[in-house]
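Please open the model in a viewer and keep the selection tool at hand. The stops below are meant to be followed in order.

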Amino acid sequence: MILFFHDFFLSLKLYNTKAFLYADQTILIMKSIVSDIDGTLTDKKRRINIDAIRALREAEEADFKVSLCTGNIIGFALGASKLIGTSGGVIAEDGGIISYNSKIEVSGSLEEPLRCYEFIKEKVDVAPIFLRKTGIVVYNIDVNEILDIARKHNLNVEVTDSGFGIHIKNKGVNKGNALKKLAKMMNIDLKDTIYIGDNYNDIPAFEVVGYRIAVKNAVKELKEKADYVTRKSYGNGGAEAIRKIIGDY
């Protein structure tokens, strides 16, 4: 058995494929990497980490399909993908917009999130909202307060904290469901996919992929669901995660 696994992993290395062996002898052969951006590939000031860019390009050279998944707008996500040089798709607006090979799919609308915002204004003084195509982002309010308002008024919304703002979207709009759609567009299996993240809005993505990595600065709830937690934080942790995947760390 030991000889078999030695030969097996040697053959994987020769073919630029990364495998993870679980304690129950289950082998996952990974082909796709999806990474969050803010807090995962950036520093505390949201500046992109240069070493993380290098690592992403190394992953592409090792024949991994790399996709980006962010709570930010689609223009930001597409620009980041182009400048970094990733060949996979992009997920923007916390799961609201998906793009691959020039095809764009939009989920949800602004109607219900804006209804929620009107009720929020009656209760608290919140900062000006940031309108997106599929939802809104607010600040200066706790997620649980918004959830209480949504339940009270029977609003069909999903609320998540990205660490940079509170996202209010239509029910079912999240990174996990967006990944399911992207996987079909890219013709990949999510069990062959690794996800790297740092915050609460990455939890739905963790729930649908085969292997999960949290950077050191990630929230406790995400770390508890991770298969691996990096020793380094922010973009340095993202670079560490990617190099662990391609076998160079």
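The tour goes from the sheet to the cores, then to one helix and the aromatic pairs.

This is a predicted model, in which local features need pLDDT of at least 70 and side-chain atom pairs count only at pLDDT 80 or more, while totals for chains, interfaces and linings use all residues. Residues are numbered from 1 along each chain as its sequence is written, and side-chain values use heavy atoms, with hydrogens and water left out.

**The sheet**

Select the open sheet of 8 strands, ordered β7-β6-β5-β4-β3-β12-β13-β14 with mixed pairing. Strands are DSSP runs of E of at least two residues, helices runs of H or I of at least four, numbered from the N terminus; two strands pair if DSSP finds at least two bridges between them. At the edges stand β7 (103-106) and β14 (228-229), each with a single partner strand, so one side of each lacks a neighbour in the sheet. Next, select β12 and β13, which run parallel and are joined by 4 bridges; Ile194 has Tyr211 in β13 as its bridge partner.

**The cores**

Select Phe64, Ile196 and Ile213, the residues with the most contacts inside the largest nonpolar core, which has 31 residues. Such a core is a set of buried Ala, Val, Leu, Ile, Met, Phe, Trp, Tyr and Cys residues joined through side-chain atoms within 4.5 Å. Buried means under 20% relative accessible area, exposed over 50%, and partly exposed in between (1.4 Å probe, protein chains only). Apart from this core lies another, of 22 residues, among them Met186 and Leu222.

**Helix α4**

Select residues 111-123: the buried residues of α4 are Glu112, Pro113, Cys116, Tyr117 and Ile120. On the other side, Glu111 and Glu122 are exposed.

**Aromatic pairs**

The whole structure holds 2 aromatic pairs, defined by ring centres (Phe, Tyr, or the six-membered ring of Trp) within 6.5 Å; planes under 30 degrees apart count as stacked, over 60 as edge-to-face and the rest as tilted. Select Phe130 and Tyr139: their ring centres are 5.7 Å apart and their planes at 85°, so the pair is edge-to-face. Phe130 is partly exposed at 45% relative accessible area. Finally, select Tyr195 and Phe206, with ring centres 6.0 Å apart and planes at 80°. Tyr195 is buried, at 0% relative accessibility, and Phe206 is buried at 2%.
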